[in-house]
Amino acid sequence: MNKKILSALFSLLFIAQANADIIVYDPWIRSAPVNASVLGVFMQIDNQTDKDIKLLSAYAQGYRRVEIHRTVNDNGLMKMVRQLFAPIPARERLILKPGSWHIMLIKPEKVPDIGSTVAIKLEFDNGTVQTVNAQVKSGKKMHMNNHEH
């Protein structure tokens, strides 16, 4: 079975486990060198409710901190800035992707290998708590020069 089929089956497993009000699709982590101090987590989160909700926090074991971030343009300089929450309007989708909203795994005890998974607990302001398994995939490198922590 090739990797795309396995990835699709993996994603369907998450959908099947998802809360009916909040559905998380394709959670993944950008691979990083073994000495990396941060890793980016990306996914799509559907809000199936008639009310706006907020992603309040994320947690993953084996990391000093896990934070919600957004890449913003600050006078022509792109910066990753910590956010207190990520809004998800009613009946809409929040896309966490490189160069936009994302979750940062900071100071890993061990950088995970490509193909491995990391359990990430997501907490929303409507009381929903959902754990997803994000698979480590290769991806375009990030420029961390303007990272604010």
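How many residues lie between S4 and S5 in their hairpin, and which residue in the turn has a positive phi? There are 2 residues between the strands, and asparagine 75 in the turn has a positive phi of about 55°.

## Basis of the model

This is a predicted model, in which local features need pLDDT of at least 70 and side-chain atom pairs count only at pLDDT 80 or more, while totals for chains, interfaces and linings use all residues. Residues are numbered from 1 along each chain as its sequence is written, and side-chain values use heavy atoms, with hydrogens and water left out.

## Overall make-up

The protein chain has 1 helix and 10 strands; both are DSSP runs numbered from the N terminus, helices being H or I with at least four residues and strands E with at least two. Along the sequence the pattern is α-β-β-β-β-β-β-β-β-β-β.

Of the 149 residues, 40% count as buried (under 20% relative accessible area; exposed is over 50%, partly exposed in between, with a 1.4 Å probe and protein chains only). The accessible surface comes to about 8700 Å², of which 51% belongs to carbon and sulfur atoms; such areas come from the Shrake-Rupley method with a 1.4 Å probe, and for residues only the protein chains shown count as cover. Among contacts (heavy atoms within 4.5 Å) with a separation of 6 or more, 67% are between residues 24 or more positions apart.

Strand S4 (residues 63-74) runs antiparallel to S5, and 7 bridges join them. Two strands pair if DSSP finds at least two bridges between them. Threonine 71 has methionine 80 as its bridge partner in S5.

Phenylalanine 85 is partly exposed, with a relative accessible area of 32%. Together with Leu56 and Leu84, Phe85 makes a nonpolar surface patch of about 310 Å². Patches are made of residues with over 30% relative accessible area and no salt bridge, joining like charges within 9 Å and nonpolar side chains (Val, Leu, Ile, Met, Phe, Trp, Tyr) within 5 Å; a salt bridge is a side-chain nitrogen of Lys or Arg within 4 Å of a carboxyl oxygen of Asp or Glu.

Strand S2 (residues 38-47) and S7 run antiparallel and are joined by 4 bridges. Isoleucine 45 is paired with leucine 94 of S7. Leu94 and Leu96 form the covered face of S7 (residues 93-96), whereas Arg93 and Ile95 form the uncovered one.

Aspartate 46 is in S2 and is buried, with a relative accessible area of 7%. The aspartate 46 side chain makes a polar contact of 2.4 Å with that of arginine 93 and another of 3.4 Å with that of tyrosine 25. A polar contact is a pair of N or O atoms within 3.5 Å; within protein, one must be able to donate a hydrogen and the other to accept it, and residues adjacent in sequence count only if both atoms are side-chain atoms. Leaving aside residues up to four places away in sequence, aspartate 46 touches Asp21, Ile22, Ile23, Tyr25, Glu92 and Arg93.

Arginine 91 is in the loop between S6 (86-88) and S7. Its phi is near 60°, a positive value in a residue other than glycine.

Lysine 107 also has a positive phi, near 55°, but lysine 107 lies in strand S8 (residues 101-108). Lysine 107 is partly exposed, with a relative accessible area of 43%.
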